[in-house]
Amino acid sequence: MAKAKLEYIWLDGYKPTQSLRSKTKIVDNFDGKLESCPMWSFDGSSTEQAEGGSSDCLLKPVAIFPDPDRKNAFLVMTEVLDADGAAHESNGRATIDDDDNDFWFGFEQEYFLIDNNTGKPLGFPEAGYPRPQGPYYCSVGASNAYGREIIEEHLDLCLEAGVNVEGINAEVAAGQWEFQVFAKGAAEAGDHVWIGRYLLERTAEKYGVSIEWRPKPIKGDWNGSGMHANFSNSVLRTCGSKETYSTICEAFAPFVKEHIEVYGAENDQRLTGAHETQAIDKFSYGVSDRGASIRIPIATVENGWKGWLEDRRPASNGDPYKIAARIIKTVKTAKVADAVTA
């Protein structure tokens with residue numbers, strides 16, 4: 001391959017919600033390997049990550065995927081570093097304490113497809129609202145499912161790129177969809193979610209459609225958008241102990257504020273106690289309870305208390321790196337060593 005396009009992708013410094021940024025680097029004789037991706041830089045003063053008088057920020061490649069939508073191209077996920085090589089304050093990936101990749105994550109990414117001409121979700125009339133929610137979830141047919149061509153193209157691109165998407169489905173509201181991503185290791189899980197988001201944004205461009213990541217863009221009796229975080233470590237996968245699961249769940253109770261702080265902006269509009277959520281200032285857990293903060297899946301119970309947990313609080317616009325980092329930190333506070341069985 002004589003010349004290759006490397007699309008360097010990073011998260012900017014906008015608050016309270018970071019956005020994706022990217023630019024293309026042309027390289028000669030590229031072998032497709034991460035270690036062959038050079039460090040690069042960008043103007044941090046244009047992304048809220050540096051002052052104009054000292055604006056250089058560095059891009060450190062951390063994951064690479066083939067880009068199935070461009071010729072001779074790759075997607076390069078990067079971390080943002082300061083000019084001295086230290087992790088930038090906006091770099092959530094660098095805060096993950098999971099060196100041995102013992103933590104596995106499955107993120108359920110919900111979002112709305114927005115018609116740029118009307119500013120409303122696909123399926124919404126220019127004035128008023130469509131039929132109440134109910135028929136749209138996992139739906140089929142032109143009167144129920146909106147934007148499927150975008151969703152199917154995105155799914156194919158993700159699979160061709162090697163993003164570990166495990167499924168897609170239409171969600172509860174009109175124009176609302178979801179894709180699920182799984183990976184062993186918190187950093188890798190975050191990489192796959194962000195590349196999946198990037199491909200979705202870029203695919204929707206071609207259709208004049210925007211992606212709405214906010215958790216409650218449609219007010220009233222419509223479900224919000226979340227990014228449920230399914231997680232496990234070796235203890236949860238092997239313990240076979242209801243008591244151990246209770247201990248780990250209860251470890252989350254003292255840290256409600258710390259979790260909500262990194263679970264996405266405007267989440268108070270979604271976590272109301274209605275529409276399959278627990279109130280934002282409360283904490284609860286239970287088997288098969290979709291109104292709880294943390295749901296213990298029935299499959300975990302039926303497998304003899306060996307499996308995973310689902311934190312249902314993260315919002316659709318949350319950073320999976322920061323969410324995973326906080327979950328890991330909390331789980332590590334649980335005193336469960338004596339309860340683990342072979």
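Q: How many aromatic pairs does a search of the whole structure find?
A: The search finds 14 aromatic pairs, and the structure is a predicted model.

Q: Why is the pair of Tyr8 and Trp40 called edge-to-face?
A: The ring centres of Tyr8 and Trp40 are 5.1 Å apart, and rings pair if their centres lie within 6.5 Å. Their planes stand at 75°, and planes over 60 degrees apart count as edge-to-face, so that is the name the pair gets.

Q: Which parts of the chain does this pair link?
A: Tyr8 belongs to strand β1 (residues 3-11) and Trp40 to strand β3 (residues 40-43), distant parts of the chain 32 residues apart.

Q: What makes Tyr8 count as buried?
A: Buried means under 20% relative accessible area. Tyr8 has 0% relative accessibility, so Tyr8 counts as buried. Trp40, with 18%, is buried too.

Q: Why is the pair of Phe30 and Phe74 edge-to-face?
A: Their centres lie 5.1 Å apart and their planes are at 70°. With the cut-off at over 60 degrees, the pair is therefore edge-to-face.

Q: What does the pair of Phe30 and Phe74 tie together?
A: Phe30 lies in the loop between β2 (20-28) and β3, while Phe74 is in strand β5 (residues 73-81), so the pair ties together parts 44 residues apart in sequence. Phe30 is buried at 8% relative accessible area, and Phe74 is buried at 13%.

Q: How do you know that the charged end of Arg237 sits over the ring of Trp104?
A: The distance limit is within 6 Å of the ring centre, along with an angle limit of within 35 degrees of the ring normal. The charged end of Arg237 is 3.6 Å from the centre of the Trp104 ring and is listed as sitting over that ring.

Definitions and conventions
Residues numbered from 1 in each chain as written. Predicted model: local features only at pLDDT ≥ 70, side-chain atom pairs only at ≥ 80, totals over all residues. Heavy atoms only, no water. Phe/Tyr/Trp six-rings, centres within 6.5 Å; stacked < 30°, edge-to-face > 60°. Helix = DSSP H or I, 4+ residues; strand = E, 2+ residues; numbered from the N terminus. Buried < 20%, exposed > 50% of the residue type's maximum accessible area, 1.4 Å probe, protein only.
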